[in-house]
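Subject: Structure for you to look at

Hello,

Here is the structure I said I would pass on. Please open it next to this email and follow along.

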Amino acid sequence: MPIEFADSPEPTLGVEWEFALVDKRSRDLVNAASELFDLVTSRHGVQPRIHKELLRNTVELTTSICRTTDQAMSELAGLIELVRPSADELGVDLYSAGTHPFAAWSHQLLTPGHRYEELIARTQWWGRQMLIWGVHVHVGVPREHAMPIVSSLLKWYPHLQALSASSPIWAGTDTGYASNRAMMFQQLPTAGLPFQFETWADFEAYAHDLQVTGVIEEIDEIRWDVRPAPRLGTVEVRICDGVSTLDEMRALVALTHCLVVDLSDRLSRGETLPSMPPWHVQENKWRAARYGLDAWIILDEHSNECLLQEDLARLLEELAPVAERLGCSADLALVEDIPRRGASYQRQRRVAERTDGDLVAVVDSVVREL
């Protein structure tokens with residue numbers, strides 16, 4: 001069966017930002033999403049841009065179809081301000097990082113619904129472990145561009161992973177990873193790195209096989225780190241850990257938008273997009289998850305390597321004309337502030353070191369940044 005793809009005539013933008021709910025005093029996770037939805041709805045009516053997620057400790061804020069990073073960020077900031085008074089009344093704060101440093105997965109409650117119940121029934125322990133939060137960025141593309149862009153974007157996977165990495169501590173232990181979330185999420189069936197298909201027909205055949213064999217019921221159960229979103233007509237980039245500041249979110253949204261638009265422009269000019277062998281892509285993902293901004297990454301099929309931050313500087317220079325055309329030059333420039341300030345995983349570790357391992361203080365610091 002063909003999979004319809006809602007072609008996007010413009011490189012539109014959409015963002016999904018996941019937040020955990022944490023108690024204002026204990027800083028542990030709170031299963032209060034349903035109560036928060038009820039309170040927000042009673043005050044402001046139904047809010048279609050505020051969504052429930054797998055667990056009842058999580059809310060997701062989403063933009064409409066936007067044309068610029070600034071529009072998307074204005075909508076997200078407005079949603080935070082809409083939700084925050086109701087969260088305050090419930091005694092909870094919004095928290096956005098890839099993981100929570102000390103919460104117990106066994107204490108978290110599942111959001112009712114067939115889709116989530118089926119996921120847990122199938123994945124069992126690994127599904128129950130998914131105390132993870134991330135950011136998804138959608139960019140509108142024509143259907144024939146979707147799969148080449150999904151494959152080519154993997155070349156810059158480690159850059160997005162390292163810049164956003166915010167999950168170093170899990171179950172009270174520093175894992176040694178910048179992004180423990182990246183390692184955990186790939187344990188789910190159909191999650192992790194995408195197959196590098198060349199055409200839309202290749203993707204349709206793959207999805208057909210998964211449906212026939214009962215691996216998935218719906219296309220969006222393909223949970224790749226970068227995937228096509230047929231109903232929306234977008235490439236969806238799901239690499240980033242949860243992000244705790246508006247400036248970092250602005251930087252990462254602009255970087256993602258520019259990357260996808262640049263690749264789509266190249267395809268429109270008849271170019272063949274750069275790609276990486278799957279074994280190099282897999283290694284780069286691990287290196288970025290493990291070492292973050294200090295990773296050495298593989299650059300090409302010839303196995304050339306360099307420091308991630310050196311390649312990032314080159315990338316930002318190459319994307320400058322695209323950013324100017326998209327009206328996000330100032331937003332893209334904020335990417336350079338992340339290594340200077342320290343990525344979230346580095347900031348969390350500094351707090352832990354300064355407070356002799358006080359993980360409540362770590363959660364406090366992430367909440368305060370927002």
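Is Asp356 buried or exposed? Keep that in mind while you find the residue; this is a predicted model.

Asp356 sits in the loop between helix H14 (344–354) and helix H15 (359–369). Asp356 is exposed, with a relative accessible area of 75%, and the cut-off for that word is over 50%. The backbone there has a positive phi of about 55°, although Asp356 is not a glycine.

Ser303 is another residue that is not a glycine and has a positive phi, in this case about 70°. Look for Ser303 in the loop that runs between strand S12 (296–298) and strand S13 (305–307). Its relative accessible area is 38%, so Ser303 counts as partly exposed.

Next, the strands. Strand S11 (residues 234–237) pairs with strand S5 (residues 135–140) in the antiparallel sense, over 4 bridges. In that pairing, Val137 stands opposite Val237. S11 is also joined to strand S10 (residues 226–229) by 4 bridges, and these two strands run antiparallel as well. Here Arg227 is the residue opposite Glu236. S10 and S11 form a hairpin with 4 residues between the strands, and Gly233 in this hairpin takes a positive phi near 70°.

Which way do the side chains of S11 point? Thr234 and Glu236 point one way, while Val235 and Val237 point the other way. This is the pattern to expect, because side chains in a regular strand alternate between the two faces of the sheet. In S11, all four of these residues are buried.

Val235 also turns up in the largest nonpolar core, which has 96 residues. Val235 is one of the residues that touch the most other members, together with Trp17, Ile149, Leu153, Phe203, Met249 and Leu255. Helix H9 (residues 246–268) gives this core its largest share, 12 residues. Another core lies apart from it and has 22 residues, including Leu54, Leu119, Ile132 and Met184.

Last, H9 itself. How many of the 23 residues of H9 are buried? The count is 19, so the helix is mostly covered. From its first C-alpha to its last, H9 reaches 33 Å, close to the 33 Å expected at 1.5 Å a residue. Just after H9 comes Gly270, with a positive phi of about 85°.

Regards

Methods:
Residues numbered from 1 in each chain as written. Predicted model: local features only at pLDDT ≥ 70, side-chain atom pairs only at ≥ 80, totals over all residues. Heavy atoms only, no water. Buried < 20%, exposed > 50% of the residue type's maximum accessible area, 1.4 Å probe, protein only. Pairing = 2+ DSSP bridges. Core = buried A, V, L, I, M, F, W, Y, C linked by side-chain atoms within 4.5 Å. Expected span 1.5 Å × (residues − 1).
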